[in-house]
Structures are given as structure tokens and as C-alpha cells.
Amino acid sequence: MTDTAAGQIDHVFHERRLFPPPAEFTAKAVIRSQEQYDDLYQRARDDRDGFWKQEAEQHLHWFEPFGEVCKWNAPHAEWFVGGKTNASYNCIDRNIDQGRGDRAAIIWEGEPGDTRTLTYNELKSEVCKCAAALRELGIQTGDVVSIYMPMTPELAIAMLACARIGAIHSVIFAGFSAESIADRNNDAQAKMVITSDGLHRRGKVLPLKVTVDEALEKSPSVQTCLVLRRIGNDDVPMKDGRDVWWHDVVDKQSDDLPAEPLDSETPLFILYTSGSTGKPKGILHSTAGYNLWAKRTFQWVFDHRDDDVYWCTADCGWITGHTYIVYGPLAAGATCLMFEGAPNYPAEDRFWELVEKYKVTILYTAPTAIRAFIKWGDQHVDKHDLSSLRLLGSVGEGINPEAWMWYHKKIGGSSCPIVDTWWQTETGGIMMSPLPGITATKPGSCTQPLPGVVPSIVDETGASVDAEHGGMLCIDQPWPGMLRGVWGDEERFVETYWATVKGKYLTGDNARCDKDGYYWIMGRIDDVINVSGHRLSTIEVESALVSHELVCEAAVVGRPDDLKGQAIAAFVTVTDPNPGEELRQELRMHVRKQIGALAQPDDIRFAAAVPKTRSGKIMRRLLRDIAAGREAAGDTSTLEDYSVLATLREEE
Ligand code: WTA
């Protein structure tokens, strides 16, 4: 258990407030009685295959029916064996077949204020054209396509176009560096990169294509680069024989390309995420199970109804954007708002302006954003009419009870249920969350598992522990949305998730379960830190620092931060005898270049040595204390203090 987690536990232990759903919400809810939930939960647990057979038949389109429901040969699962379906078909054509063709699928607003609405019919045309262009450019079923794009409709279109022809997308968040893009291209052996001439960010333009060009110098597998004109920047260098403009190849294609019937287990996407080691892992999800999980969890948790305008503020570069901007809501036929910009541009009321303008009914955002809004002040919220909202969601990290209260009162007008959704890139979709029509919520708790999720809390040996005290959170049964592997690294897949407790999925989080059966996530077991809801491995940042010629050693830990949840604190030893502000700045920029702006350390402390245990492990607990200012370590900038502290701690 981490020290920060310990702080959190202490805090939430005192949380006694309970917020039952408003009666008028319950009356119209998708799941509106405890009995209904109990029935779903028990059927999913006790008759797993029967339950999911019915769900899959009812909620996905099948070109050919499946046979066996779940072939579970731990840790390998195959769901809906032998069936043929297509995620793009489920998200688009199926809605059209069911009479929703003229409904808005995506309502988009760009950062400069430009807007566009795509109905399901229009989305289909765009996806078909893009899919046909991918084919023309030589992309076949099973090929990997990296997508490094701004939050434009074309990002979702590109994902769905890959899905339509059975190509595997690997979306790379458009804040990552050229190095990170190249690493991902190489690991996945991507054949194509889709990008744009640039990205609007807080009034400036980020030159995405320039970054991609740098990455492509080190990505030999990439044969083609498809470039969307977003900014209108014609100076973008285009390499002959490799680079093509979106408008040249996509626009001319036919707008009707039938979705390829694909085996249930066809890989749908890879999404790179941080683990305990320096190398990000490509989490693999497959077609049918993931799509079903995305759709059903969306419908259950967000209580989706026909007249909703749903807005998930995530970026498609993260799993939240995959599952709850694209595959879940579209499969459910929802109308989704998609926004390109930042919450504070041109002013700190941009989100609330959008909620008012588009009459958003369901808002799904992250605690780090909520904390920023609190800091910016209520006046930005007060300017707008938020009465269209009926449900609020939170994801990415635990939400502090005080931020929860502000969200509840200020944004929800004390009348919207809040769904605090716990899940991971690996789980594909939400695993634990209140069901807004029935669950009385406790601020800071993700409450209860969804149907199909069977959690347990264990110690290092796999033995059950007193759940109220807490321990490692595992999932005991396979579920349709579970990861199918780590791309190209079977050993890492088994080691990370399945070796600690045989037959159970190890989440990497600590959790406790209170006497009402409510779960409280207590932070990570491993060396993963959570900065503004984004996962980073401390070792990844350490490796980036050490790759600088003046750095000998680096130790990175998270420290509590009011806005980001965790900030990055780095302790580095350097060859420069008098390191100062200039080197500190240089190292920050170096990490930015290696990984991306999101990994830039907040604090860099120069040290003469990094404290280690005798077995050579960095003493992160000690460093976390120092970084958080919890340790009366005196002048911590010298070797002696660390080594003395380290020795003392070791001998305790
Ligand atoms: C953390 C994001 C507490 C957790 C969907 C998890 C949370 C990691 C919550 C996954 C929550 C996410 N309460 N902690 N509601 N949601 N986390 O893969 O540590 O980017 O393991 O997926 O974020 O992060 P990932």
C-alpha cells in the first residue's frame, strides 16, 4: 500500500454521508429496483454463460451465430466462439437498421468554436469512405494503424473505419512525443499512421505532423501517413510515396462499404498504457466481448434514454475515450457531444457554456478537472444554466469527498446522482459503479460491482483477507470486456496480471469493502502513479531522465497534489558538480521530449545518491515521504541525509 493511499484511507474512513437517488430519477431509470439489479447480478455470477448468451444475442448484430459463450482457459478467454460480428456495424449500421439513422450520433465543437453534427447516416458515409481509403492504401485485416490526432470527428471515424475492415487501431494520445510514437509504432509494427497538420490547444497550434515526421524516421514498419487538414496549414511537408492528404484519398471513395463479418475474437485495438516497468504495454482488446461490455456498461451506468445528450470529456487517446465516447455510446445509439478543446479556453467557463448550449443531460468527467473548476471559482459556473443535467460521472482516479460534494451541489444542483466509475484500460469498461437509479452513494466510494464482475480482496499469497481492512483487488471470473493480452508479450501478460493469484485477474489496485458491501479504491500496489487521471510508470520517467547525458541515476515518485491528484517528484544524481535551475529546466524539457508533456516532472531535486535497499531497490516509500514534505529530513539535498535516513530505515 502506498503512503498516499494510506492518507486517502484515513480520510475516507470518516465518510458517513449517504445520498440516495432522487425518487423522480428512479421512477424513469433503466435499472430502477434493487431486485432488478440483484437478479442481473446473480444470473451473471451463477449462470455466466446463459446470462451473456442472452445479452450478446440481444445487443449485438451477428452475421453468423456464436457457439460456445466463454472458453476460459485461464488466463486466456475466448468469448462468443465462432460468431461473426463487426464493431463498426454494431455502432452504426445497427442503429440505422433500427430506425435511428437521422439521429445525431456526434455533435462536435472545435476549440475555435466551429461545429459539426453527424447523424448515424452521415457517420456511416464518413466511416465507409475512410475504410475504403484504408483499403486502397493497402491496409488489410490484422494490420495495425496508429492514430495520432486531435479530438475531431475524424478521430472517431478513423477508429470505426479500422474496425469496419478488421484493422487494429492503436490510438496514441496527441500529447505524446515523437519518441513515444516511434516506440509504439515499433512495438505494434504499425503499417500506417493517421495524423493531422496540427492541433488547436489553448489558442495555439501544435504541429502534429512535424512530430509524426520525427517519429517516422525511427518507425521502419510504417509505410503510409494519412494526414487530415485540421488547421489549414499548407506548409506541412509531405513525403512523396509515404504521405497522403485525407481529403485527396478519403473524400473520393464510395460512401457504402459493407462491414466485414469478423470473428468475435478479432483484435479490435491496442492501447498502450503504463505498467510497473519502463516500457508501456499494448493492452489488447477484441471485437465482440469488448463491444458488448462497452455497450451494456454504458446503458446500465449512464442510464441512457433516447432523449439524452451525453458528454464524456475524455480524449480518445485514453481508454475512457475509446469505450465511452466511441464504442459504448454509439453501440447504444446515443447522441454524443465531442469537444476538441481545453476546459479553460478561451475562459474557465467553456465546459459550462457547452453544457448550456447543447443541453447536455449526462456529463462524464475526471476528478482532476473538477478540482481545477473548484480552484477557478464558482463565478464561471454561475454564469450558465446547467439545469439540463440529470446525471454526473467521474473516472480516472478516486474522487476526493470534498470534490464530490462540490460536483454534487454546484454542478448537479444537489439533484443529479453521481456515478464514480472504477475501471482500467485492461478491463475495457466500467467494473464498479453506482447504478444511478438504485444505489445510495457515498462520496469517495465506487460502490458496487456491475453484473458479471466478481471481485475479491486478497493478500500477497492470494488468501482472502478481512475485506474491511483492505488488500489487493482481484477479479475472480472472466468478463466479456477483459483484456486479451499484452501485444507481443505473453510473459508480461501472465506475470503482471495472473501470476500473483492463480486464476484471478490482479488489478494492481488496493481496495477495501465496507460492511455495506461498498468498495473503496485505495491506490496502486505497484509503481504506477496517477497524474491528472493519467497513468504513468515511475520507471518510465526515470528511464527518460537517465537517458540525459548528465544524469547518473534517477528515482521518481508521486507526491500529493491538490489539482493533479499526484505530481511527479524526481530525485536525480548528476555528473555536474553544481547543478542548478538551468539543468533542472533542461531535464524537464528532456523528459517532455522523451515521453510527452504529461510526464514532465514537477519537482526535480538534485541528490548525491538515491537511497536504495540492500537488494538495490529504490526506497520509494522514503522518497515519497520526502517529496510530500512528511519527513523531517533536514536539508534533503545532500547525500548524507538520504543515506543516513535510508540506513536508519533499513535497520528498523
Ligand atoms: C485508477 C482509466 C479510484 C485506478 C479508466 C485504476 C480509479 C487506474 C478510478 C486505471 C476511480 C480509475 N476510483 N481509482 N473511479 N478510476 N482509477 O487504465 O488506480 O487509465 O487502476 O483507466 O486508475 O487507469 P486507466
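Here are some exercises on the structure above, each with a worked solution.

This is a predicted model, in which local features need pLDDT of at least 70, side-chain atom pairs count only at pLDDT 80 or more, and totals for chains, interfaces and linings use all residues. Residues are numbered from 1 along each chain as its sequence is written, and side-chain values use heavy atoms, with hydrogens and water left out.

**Exercise 1. Find the strands at the edges of the open sheet of 8 strands.**

Step 1. Helices (H or I, at least four residues) and strands (E, at least two) are DSSP runs, numbered from the N terminus. Two strands pair if DSSP finds at least two bridges between them.

Step 2. Write down the order, which is β12-β11-β8-β6-β7-β14-β15-β23, with mixed pairing.

Step 3. Look at the ends: β12 (243–245) and β23 (485–486) each have a single partner strand, so one side of each is left without a neighbour in the sheet.

Step 4. Ser170 has Ile270 in β14 as its bridge partner.

**Exercise 2. Describe the open sheet of 4 strands.**

Step 1. Its order is β21-β22-β24-β25, and the pairing is antiparallel.

Step 2. β21 (455–458) and β25 are the edge strands, each pairing on one side only.

Step 3. On average, neighbouring strands here are turned by 45° against each other, direction ignored. Axes are lines fitted to C-alpha atoms, for helices over the stretch in contact, and angles run from 0 to 180 degrees between N-to-C directions.

Step 4. Asn510 finds its bridge partner in Gly523 of β25.

**Exercise 3. Work out how helix α3 meets helix α4.**

Step 1. Two packed helices are described by the angle between their axes and the distance between the axes.

Step 2. The axes of α3 (residues 34–46) and α4 (residues 48–59) come within 5 Å and cross at roughly 115°.

Step 3. List the contacts (heavy atoms within 4.5 Å). Leu40, Arg43, Ala44, Arg45 and Asp46 in α3 meet Arg48, Phe51 and Gln54 in α4.

Step 4. Sort them by class: the contact has 3 nonpolar, 1 polar and 4 charged residues. Here Ala, Val, Leu, Ile, Met, Phe, Trp, Tyr, Cys and Pro count as nonpolar, Asp, Glu, Lys and Arg as charged, and the others, Gly among them, as polar.

**Exercise 4. Locate the cis peptide bond between Ala74 and Pro75.**

Step 1. Start with β1 (residues 70–73) and β2 (residues 76–79), an antiparallel pair with 4 bridges. Cys70 stands opposite Trp79.

Step 2. A hairpin joins the two strands through 2 residues.

Step 3. Pro75 lies in that loop between β1 and β2, and the bond joining Ala74 to Pro75 has an omega of about 0°.
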